[in-house]
Every structure is written in C-alpha cells, then in structure tokens.
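Me: I would like to go through this chain one point at a time. Please show the sequence and the structure before the questions start.

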Amino acid sequence: VKNSRILLVEDEPNIARGLLFNLEAEGCRVVHAGDGETALRLIGGEEFSLVILDLTLPGMDGLEVCRHLRSVDARLPILILTARSDERDRVEGLACGADDYLTKPFHLQEFLLRVEGILRRSRWYRPSADESERYRFGSNEVDLVGQRAWTRRQGEIALTDLEVRMLRLFLQREGETVSRADLLASVWGFAPDTETRTLDNFIVRLRKYFEENPAEPVFFITVRGRGYRFDSKGGRK
Ligand code: CA
C-alpha cells in the first residue's frame with residue numbers, strides 16, 4: 001500500500017477529504033478528481049496503481065468513466081463506490097471492468113482492507129508494468145496478452161477472448177471464491193439471460209486444458225452453491 005499512487009474520483013468534498021486523509025495516513029499518494037472528465041485527463045498523463053471511482057458523478061457518470069478507462073488500460077485496478085445497493089449497479093460495474101465495489105456507507109476499516117486487497121492482488125498478478133501477462137501454475141504456463149497457453153496435457157493452445165477474460169478474472173482473484181454472477185458479468189458482460197450452463201461448459205474446458213485429472217480438479221475448484229475458486233498451488237502448501 002505504501003507509496004501506491006491512487007486516483008480518487010469522488011464529487012462529495014467531505015467524503016473525498018476523509019478518504020484522502022486516511023489513504024495518505026497509510027502512506028499512499030492520492031490524486032483527487034471531482035468529476036469523470038478530470039479523472040480521464042489525469043489517467044492519460046500519469047501512472048496509477050488504483051482508481052477509486054464513485055458511481056454518481058456530475059456530468060459523465062461513473063460507469064461511463066469505468067468503460068473509458070478500461071478501453072485505454074485493460075489492467076489498471078478499479079474499485080467502485082456506490083451509494084446504491086442495487087444489484088444491477090454492482091453487476092454493471094463489474095461488467096464495465098471494475099475489479100471490486102463497495103456500497104456506501106462503508107466502514108473505513110473495510111474500505112482500507114479492500115484497497116489493500118486490490119493492490120496486493122495486482123502486484124502479485126503484475127510484478128512490473130512492462131511485464132507481459134505471463135503466469136505459471138502447476139505444469140502450465142499462460143500468456144494472456146499473446147492469448148496462448150502451454151500445458152502438459154494439450155501442448156500449446158490458442159486461447160479465445162472469453163477464455164482469456166475468464167482466466168484473467170481467476171488470476172486476479174486467486175484464492176477467493178468468485179460467484180457465478182461475477183463470472184457471468186465479467187466474462188460475458190451484463191447479460192442476465194446468459195445460461196449458467198455456458199459458464200459450466202467453460203469451466204469444463206479450462207479443466208481439460210490445465211488439470212492433470214479434469215475429473216478431480218485442483219486448480220479450478222467448485223465451491224458448492226457459491227461459485228468457483230482458483231488455487232495456483234493446486235492444493236499444495
Ligand atoms: Ca457522488
């Protein structure tokens with residue numbers, strides 16, 4: 001968290017001041033933008049490790065800012081703040097490419113934990129800015145930029161866009177249970193009628209590529225009734 005450069009996009013001065021103060025107390029360097037246009041201008045000019053984005057902004061709204069942001073930087077972590085506890089906002093936010101969200105009002109401690117979690121994951125996932133998105137787990141190697149993978153079972157594989165999106169989400173959220181709703185929203189976009197069977201078929205495909213024994217997966221694990229979890233160590237300590 002220390003020395004992370006954070007862009008805080010929030011139009012309410014009191015909330016902005018409070019968050020800024022507390023983030024700086026944790027050792028972060030924070031740049032504040034009061035609206036989306038300013039935020040996008042700042043993004044173009046300097047490098048940030050995280051964007052904290054309020055959804056209700058004057059002018060361009062937060063979802064739109066999020067979409068623009070994603071179109072210029074596919075990997076910059078985005079934490080959405082929303083006053084609305086509406087499920088649709090959450091799903092749309094994730095579909096726009098946000099990494100996480102927090103509903104207002106939130107406890108400061110929860111906010112800081114969330115920020116810390118995103119920064120930790122993104123460092124783990126992106127060791128340095130110019131590194132291509134290559135990752136190894138078990139006897140597999142994945143190159144998300146080149147959309148290829150090398151596996152013991154299948155040799156070299158060309159990955160589809162959807163497979164890359166799903167792998168990216170699992171890698172970013174290593175060790176966490178990712179709900180089926182989040183997977184559907186992040187990988188297929190906001191499409192409430194996407195069949196959940198489609199999702200299951202994708203998981204089956206990933207297991208065929210990457211698991212030694214697809215019938216007994218150790219990397220892409222089913223969490224009954226909740227979703228799926230990626231374990232890069234394949235169950236080993
Ligand atoms: Ca607001």
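Reply: One term is needed at the outset: helices (H or I, at least four residues) and strands (E, at least two) are DSSP runs, numbered from the N terminus. The model is predicted.

Me: Between which two strands is the loop that holds Gln-147?

Reply: The phi of Gln-147 is near 55°, which is positive although the residue is not glycine. Most residues other than glycine have a negative phi. Gln-147 has a relative accessible area of 27%, so it counts as partly exposed. Its loop runs between strand 7 and strand 8 (148-151).

Me: Is Asp-143 buried or exposed?

Reply: Asp-143 belongs to strand 7, residues 140-143. Beyond its neighbours within four places in sequence, Asp-143 contacts Glu-133, Arg-134, Arg-148 and Trp-150. Its relative accessibility is 9%, and the cut-off is under 20%, so Asp-143 is buried.

Me: Which peptide bond is cis, with omega near -5°?

Reply: Most peptide bonds are trans. With omega near -5°, the cis bond is the one from Lys-104 to Pro-105.

Me: Which residues supply the protein donors of the calcium ion?

Reply: The donor residues follow the spacing D-E-x41-D-x1-T in sequence. Their donor atoms lie 2.1 to 2.9 Å from the ion, and the residues are Asp-11 (OD), Glu-12 (OE), Asp-54 (OD) and Thr-56 (O).

Me: How many residues apart are Asp-11 and Thr-56?

Reply: Asp-11 is in the loop between strand 1 (5-9) and helix 1 (13-25), while Thr-56 is in the loop between strand 3 (50-54) and helix 3 (62-72). Asp-11 counts as partly exposed because its relative accessibility is 30%. Thr-56, at 39%, is partly exposed as well. The pair links distant parts of the chain, and the separation is 45 residues.

Me: How many disulfides are counted?

Reply: A disulfide needs two cysteine sulfur atoms within 2.5 Å. For Cys-28 the nearest cysteine sulfur is that of Cys-66, at 20 Å, and Cys-28 is in no disulfide. Cys-28 is buried at 5% relative accessibility, and Cys-66 is buried at 0%. The number of disulfides is zero.

Me: Which helix gives the largest share of the lining of the second largest pocket?

Reply: The pocket has a volume of about 350 Å³. Two elements give two or more residues to its lining, helix 4 (87-95) and helix 6 (161-172). The largest share is four residues, and it comes from helix 6.

Me: How many charged residues are in the lining of the second largest pocket?

Reply: The lining holds 14 residues, and those nearest the centre are Arg-70, Gly-97, Arg-165, Arg-168 and Ser-186. By class, six residues of the lining are nonpolar and three are polar, and the number of charged ones is five.

Me: How many of the nine residues of helix 7 are buried?

Reply: Helix 7 covers residues 180-188. Its buried residues are Asp-182, Leu-183, Leu-184, Ala-185, Ser-186, Val-187 and Trp-188. After the helix comes Gly-189, with a positive phi near 85°. Helix 7 is mostly covered, and its count of buried residues is seven.

Me: What separates the C-alpha atoms of Leu-206 and Leu-63?

Reply: Leu-206 sits in helix 8, residues 196-210, and is buried because its relative accessible area is 1%. Not counting residues up to four places away in sequence, Leu-206 touches Met-166, Leu-167, Phe-170, Glu-211 and Phe-220. Leu-63 is 143 residues from Leu-206 along the chain, and the distance between their C-alpha atoms is 30 Å.

Me: Which residues does Arg-205 contact, leaving aside its neighbours within four places in sequence?

Reply: Arg-205 is also in helix 8. At a relative accessible area of 31%, Arg-205 counts as partly exposed. Its C-alpha atom is 17 Å from that of Ser-139, 66 residues away along the chain. With those neighbours left aside, the contacts of Arg-205 are Thr-160 and Glu-163.

How values were computed:
Residues are numbered from 1 along each chain as its sequence is written. This is a predicted model: local features need pLDDT of at least 70, side-chain atom pairs count only at pLDDT 80 or more; totals for chains, interfaces and linings use all residues. Side-chain values use heavy atoms; hydrogens and water are left out. On a 1 Å grid over the protein atoms alone, a cavity is a set of points where a 1.4 Å probe fits but cannot get out, and a pocket is an open set with protein on both sides within 12 Å along at least five of seven lines; lining residues have an atom within 4 Å of a point. Grid points are joined across faces, edges and corners, and a volume is the space filled by probe spheres set on the points. Ala, Val, Leu, Ile, Met, Phe, Trp, Tyr, Cys and Pro count as nonpolar, Asp, Glu, Lys and Arg as charged, and the others, Gly among them, as polar. Buried means under 20% relative accessible area, exposed over 50%, partly exposed in between (1.4 Å probe, protein chains only). Contact means heavy atoms within 4.5 Å. Donors are N, O and S atoms within 2.8 Å of the metal (3.2 Å for Na, K and Ca); water is not among the atoms, so sites may look incomplete.
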